There are 2 protein chains.
Amino acid sequence: MKDPFAGAEPKNGVRQVMIRDPFWDPLREIIRSRAIPYQWLALNDALPGTEPSGCLRNFRIAAGKETGEHHGFVFQDSDASKWLEGVAYSLLSHPDPELERKADEAVETMISAQQPDGYLNTYYTITAPDRRFTNLRDNHELYCLGHMIEAAVAYHRATGKTALLEAAERYADLADRTFGPEPEKKHGYPGHPEAELALIRLYAHTGKEKYLRLARYFVEARGREPLYFREEERLNGNGRYYFADGPLGYAYCQADRPVEEQQEAEGHAVRAMYLYSAMADLARLTGDPGLRAACRRLWNSVTERRMYITGGIGSSPYGEAFTFDYDLPNDTAYAETCAAIGLVFFARRMLLLEPEGKYADVLERALYNCVLSGMQLDGQRFFYVNPLEVLPEACSRDNAKRHVQYRRQPWFGCACCPPNLVRLLMSLEDYLYSVSESRVYIHLYLSGEAEFRLPGGTLRLDCRTEYPWAGRILYSLHADAPVRAELALRLPAWSPRFALLVNGEKAAYRTEKGYLILDRTWAEGDRIELELELRPRLFAASPRVPEDAGKAAVVCGPLVYCAEEADNGAGLHRLSLDPSAEPAWDHHPEVPGKGKAVTVSGWRDRDWSGGESALYRPWGGPDRERVSIRLIPYYAWANRSPGEMRVWLRIG
Amino acid sequence: MKDPFAGAEPKNGVRQVMIRDPFWDPLREIIRSRAIPYQWLALNDALPGTEPSGCLRNFRIAAGKETGEHHGFVFQDSDASKWLEGVAYSLLSHPDPELERKADEAVETMISAQQPDGYLNTYYTITAPDRRFTNLRDNHELYCLGHMIEAAVAYHRATGKTALLEAAERYADLADRTFGPEPEKKHGYPGHPEAELALIRLYAHTGKEKYLRLARYFVEARGREPLYFREEERLNGNGRYYFADGPLGYAYCQADRPVEEQQEAEGHAVRAMYLYSAMADLARLTGDPGLRAACRRLWNSVTERRMYITGGIGSSPYGEAFTFDYDLPNDTAYAETCAAIGLVFFARRMLLLEPEGKYADVLERALYNCVLSGMQLDGQRFFYVNPLEVLPEACSRDNAKRHVQYRRQPWFGCACCPPNLVRLLMSLEDYLYSVSESRVYIHLYLSGEAEFRLPGGTLRLDCRTEYPWAGRILYSLHADAPVRAELALRLPAWSPRFALLVNGEKAAYRTEKGYLILDRTWAEGDRIELELELRPRLFAASPRVPEDAGKAAVVCGPLVYCAEEADNGAGLHRLSLDPSAEPAWDHHPEVPGKGKAVTVSGWRDRDWSGGESALYRPWGGPDRERVSIRLIPYYAWANRSPGEMRVWLRIG
């Protein structure tokens, strides 16, 4: 239990966090009561009308308990791990014996497939037991190891049960015996990063240095010449690399050069985020300045040049990948749910490496928009791809947009996103606070309680807020005895103005890297009142983003808004915003999930009178009628009848 | 020689056309002196630095004169035919014994591969002689027949030599023995239409009704149930249709239903244009009202809802196909050069079916923009795809734009476009005029001479104009004796205002379907002076086109203009046009090909001051500097250093 912030394990500084939040509780209750049971059915091939996952059945076949063929992807095992991890977090806040029984059953099924030497991967055990670890480039054995570790750590933390943790260690030990710098070992590393950050969690949870060492090896060996993947291809004759001739090459899996030399966020966005997350953990644990510089550089590459306003990343369906600076097409956006989740992971680790408000700003932006958009409000349908502009006809008629859906899907052949979303949202407790010495960082504003063990004593916060529907946040402090501590309240970049009172009076504070620092001795009953400027505003994209030139998006605190056909009729491209209008913001029955709608004045281009049959004609000035445009939070789109959606609208 | 307008053969009404035009002569001279010899090298695998075509070598192998394997596509033969057809037109206006010798050599090579029964297709003869006509859906034997016929007719017309014509007839006769409604024949039709329009030309050239009948069979059998292609798949077991699961299906090759029931322009755009061209010919020759209605309907579908302002059609690279109404993305546009050429073919045939100015307007728009853009001004590089917006980095880094090039290519594996362009531009004489009874239609304005044999006698026109660089067009009339005739001068839709003088005085005229009709008795020395309103203007797209909302294009008569990086720096998306500015238009040394540039006042968005690292921030109003935007004709783009290009710019 060495490192309090590397994983989701019990904290030294942050003792306990309990979320009781009007925004998040209903969403998490949906996940608990609907999405988790729903996904349990999926893992057990019991979801009507969807392709069977085969996930748990694969484990039974590998264990010799059933006969049959492996079904699904080479990384099908990870679906069970991710579900288990989500269940573990759910059990932490909501003990549920029935659910725990199912989870125990899953654990038992998984472990039954483990081989005597610790190996556990159903794809290889069933189809090619002699080919283990021979195609690290494309297959996902180590990725599955990583997810198994994360599940094991979380499940141990939630239940105290050790079976899965022991199994995960056995598999990790096998990996440790197999991979490393020693001459007799394989000098490979995962094609899809994940094991790295998981091994660091395992190290933090168990204190066993070997896991940290292996994680470090995987990160540091990556991309060095002679390139392991190229050697592997030669040995295998397993064919030309799919991406070899395209724009991606080995950058697809961030293995074109050593990580410290990587200048821009390249390749598959989820792989990048998982790798960068491990890099940030390692930079913190090792103090390596080159790694820290690489983390900062790659963070900037992502968030300053390659990120949608929703926190979506990886703009291209080709390789689910980054393309180039400022290339952020809205209607062909990939912006995979898992990539935004990965960005949240990366952001959290950057906050632990060096607390700065900009990391939390992005974390929050991704969380409230691209991540949340991944799930229907009933918890039973999901988006893999999160576009910022949708014309339903284009999804079916234009092959370049075939990856875009205008309705969430019940399940996916590649079902990485739904359980990933569950495990993130059910562990939200771990993202709110961090402690550094006697300073408590408040990164996110959610109602609930938290307890911190600080050098000066134990401090408890009770937060009450209607955030993100209002900018007022109240803290009541509780301490058995006065505690000297700094409270660092994040001041989001979107709220340059604010009001801050302590016990009803203007308080002395200083600002530091996006946080308001209140340094005092706190006593039972102290009250902090922070009022952020949370109101709808028009946002612009940098003039360097071609796609958004002449357009604006409506943003309200952490929430990005969008126009839907359900509120505004078809032809959303005809709408333009009036820049002088003051957007109104209020709860509205039409907003799915009972959020607030934004209403803003603008115009709608009229059809050409008498010229319906003309496609082009001399420009005759704008011909438009004034309309009231209604926008809803982006995360809530596609929860009504299918139709068009747009985040960026023309302005002026 | 029955039908004067079905092909490019000598006309009864239009006796002789000689182009002597300051705009077209240099372009056609480049084609004559550079592109035709260059393509000869390509056909002979003698083009340095490009993949060998194998085209003529395939004929030699099929003839048993060489050994080796067939190289290239199943339709590789058609490259030779298209080249020959272009050469034939060139010889008509420019006798050239050396070129004719090469052409004779090509003819001899082609004919040498003809089988005793008339069959001539090198792919099947070399690789699978027993599989002839078994895969009409995907392979192109009848398409190659069509191009052979077109070449043969043109070559006979130009040289009087009969060898190729006789060979083409032998192959056509074999097709006639093989396909048709009779029970013992195959009930198939070409997967890629072309034979249909070619057989009609052969009928017109030879007067042999059987060719018209076969063309008619091919058109009328198309798309009827039971679907021939589905039957063929069953017989062959040649696999699931590639497009079966996509949005295209059998509409890819316009075979999803009978042609008279086709409601919208669907599928592969070149196939559609070649089919519709044959339909328009048949509607004219047969008077079939259903076919005429289908032609009108499909024409409207293309030109009122699915055509770029450049005359480019087929917006999607998937299937090189149409997508849906008003779906005209600029940066992923396919807009194949051959498709625009096909639109010119279709438009010309609609003009013959029912002369209306709208057909000529589109013909001219496609010709001066998307078609001409297909060739570099030096005649040695070509575009297959003609986008309306290019960011070079996107072409290499964004896989969704991998079909888009920002530099013309020296040759293509699928080299359909270059020789197609040559044969169209070298037969431009056939597109200028048509005669109906005693009426002479003037569709296009080019300097040169033309002679018409009319019921009242022979009339000669001598045209002088600097069109498209000026709107003034002068005709001198020559007649040995006075001739009563109607002259129908096209009034382009872009020029609602005009001045028309006959012998220096305002003349009596009436307007009819886009033409100014001058009905009088013409005498030697009469002069007509037409002044069109040819000046740069801003054009808008219909508000139904999402991609062009809030944007305008600069159009000057038939020419569409575009902004290039070479004139305006990088970041063309930052430019916006001032709607109140009066565009200036003048010759400019920077315009490739010495055309006129448009200069128009506008703005350029400034970089965010002090916020270089921000990607999004609250909208602060436009921050832009006034700039002078220079535009060049679209056809001339990509003739300088590579860079960005845009047709549609923001306005206001």
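Visitor: Before we start, what does contact mean here?

Guide: Contact means that heavy atoms lie within 4.5 Å. Please also keep in mind that this is a predicted model.

Visitor: Understood. How many residues of domain 1 of chain A are in contact with domain 3?

Guide: On the side of domain 1 of chain A there are 29 residues, and they are in contact with 28 residues of domain 3 of chain A.

Visitor: What about the radius of gyration of chain A?

Guide: Chain A has a radius of gyration of 25 Å. A compact globule with 652 residues would have a value near 26 Å, so the two agree. Along its principal axes, the C-alpha trace spans about 75 × 70 × 50 Å.

Visitor: What share of the residues is buried?

Guide: Of the 652 residues in chain A, 65% are buried.

Visitor: And the surface, how much of that belongs to carbon and sulfur atoms?

Guide: The accessible surface of chain A is about 22000 Å², and carbon and sulfur atoms hold 48% of it.

Visitor: Last topic: how many positive and negative charges are there?

Guide: Chain A has 80 positive and 91 negative charges, and their mean positions are 2 Å apart.

Conventions. Residues are numbered from 1 along each chain as its sequence is written. Chains are lettered from A and ligands numbered from 1 in the order in which they are written. This is a predicted model: local features need pLDDT of at least 70, side-chain atom pairs count only at pLDDT 80 or more; totals for chains, interfaces and linings use all residues. Side-chain values use heavy atoms; hydrogens and water are left out. The radius of gyration is taken over C-alpha atoms; the globule rule is 2.2 Å times the number of residues to the power 0.38. Buried means under 20% relative accessible area, exposed over 50%, partly exposed in between (1.4 Å probe, protein chains only). Accessible areas come from the Shrake-Rupley method with a 1.4 Å probe; for residues, only the protein chains shown count as cover. Lys and Arg count as positive and Asp and Glu as negative; His and the chain ends are not counted. The place of a charge is taken as NZ of Lys, CZ of Arg, CG of Asp or CD of Glu.
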